[in-house]
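Here are a few notes to read alongside the model. Please keep the structure open as you go through them.

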Amino acid sequence: MSKTFLIVAEHRDGKLRQVTLEALQAAARSAQDGDSIHAALLGGSLDALASELATYPLAKVHVIENDSLNAYNPEAYVRALTPLLDALKPDGLFLGHTAIGRDLAPALAAKLSAGQLSDVTAIDQEGGEVVFTRPIYAGKAIEKKTFRAYPWVVTVRPNNIPAAEAAGGGAAIEKHAAASAADLRTVVRDVVRKTSGKVDLTEAKVIVSGGRGVKNADGFKPLEELADLLGGAVGASRGACDAGYCDYALQIGQTGKVVTPEIYIACGISGAIQHVAGMSGSRIIIAINKDPEAPIFQLADYGIVGDLFEVVPLLTQEFRKVLA
Ligand code: FAD
């Protein structure tokens, strides 16, 4: 019997988030001929986004439009999505492994009485089964899992599964009335962003990260300069956050964000296992540390033994020449 998959699209500042297109690709990899993939889009003033999403290979884009859904609120989102879930009866639901996806997925899984798997990094079809790969034990092991029954709910780790490409077609767009927000137990009044808002850390292709070796808040300036030049984001170890050199929003690791950029430049970071848990999936790791014995060098593809305050400005200078 053909299956129906649904992705819950995320958008920010009027743009679809990259992880939504990766979730779409994840759904496509789970699908067989004859299966259909739908997308749900929630928020206010969604016409342009819905039209953009409709250019991707989807059966239908379901728009649940209401200004009260502009800011994420778990209760409002579950309530808004419930009629669609009831009507569509999806066999598989895909969300990004983002702050929203991590929060919403278990609630939707409970609604659907579905199995749930988080932080999936690859999806394959083996012998007619959909096989999900994900890291466990803070990245020390990889497990492969299948569900024994439908429906299921999956979150997809950003930057692992290639983004779906627009097919140029026009998927149907269906508008749904949003459930009333009048008696919600919580209402989001305002969202204050802690990060610079330049490049989202979890979706950045390049991350320049600072540890306790940056010495103080000003020590992040050369890292910011390099990150800006490379169109990347600045991250940090918990050591740097705990020392008050930067905001916890930048923390990468077991208790921070999990990132998988193309290039991760670790500056003055020792390479503690809890930090590595958040960045070991990076494609290329460059470590700058003045201690040649620092554990980060065991993981790094390229290591520079030296003072970050000399090395980082030199790198910026050289990259500037190349990129000029
Ligand atoms: P340090 O270990 O102090 O390393 C600083 C490094 O900078 C040293 O290697 C030093 O040689 C180098 N250095 C100093 N000066 C310079 C210079 N001028 N130029 C170049 N190199 C220089 N940590 C995380 O990062 N993320 C997490 O999510 C996280 N979660 C944790 C959860 C738990 C339950 C626990 C117990 C710990 C967690 N930690 C986490 C903390 C982790 O164990 C380490 O303490 C932390 O990562 C160390 O940060 P650091 O590498 O910046 O500092």
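Predicted model: local features only at pLDDT ≥ 70, side-chain atom pairs only at ≥ 80, totals over all residues.

1. A side-chain N or O atom of Lys215 sits 2.8 Å from a ligand nitrogen, and a polar backbone atom of Lys290 is 3.2 Å from a nitrogen atom of the ligand.

2. Now for the surroundings. The ligand has 26 residues around it, and the closest are Arg212, Ser237, Thr255, Ser270 and Asn289. Helix H6 (238-242), helix H7 (273-279) and helix H9 (308-323) are the elements that each supply two or more residues to this shell. Sorted by class, the shell holds 15 polar, six charged and five nonpolar residues.

3. Eight aromatic pairs turn up in the whole structure. In one of them, the ring centres of Phe147 and Trp152 are 5.4 Å apart with planes at 15°, so this pair counts as stacked. Phe147 and Trp152 are both buried. They belong to one aromatic cluster that also includes Phe5, Phe94, Phe132 and Tyr150.

4. Finally, a word on confidence. The protein chain has an average pLDDT of 93, and 99% of the residues score at least 70. For the complex, the predictor gives an ipTM of 0.99 and a pTM of 0.80.

Note on methods
Residues numbered from 1 in each chain as written. Heavy atoms only, no water. Near = heavy atom within 4 Å. Polar contact = N/O pair within 3.5 Å; in protein donor to acceptor, adjacent residues only side chain to side chain. Helix = DSSP H or I, 4+ residues; strand = E, 2+ residues; numbered from the N terminus. Nonpolar A, V, L, I, M, F, W, Y, C, P; charged D, E, K, R; others polar. pLDDT = per-residue confidence, 0-100. Phe/Tyr/Trp six-rings, centres within 6.5 Å; stacked < 30°, edge-to-face > 60°. Buried < 20%, exposed > 50% of the residue type's maximum accessible area, 1.4 Å probe, protein only.
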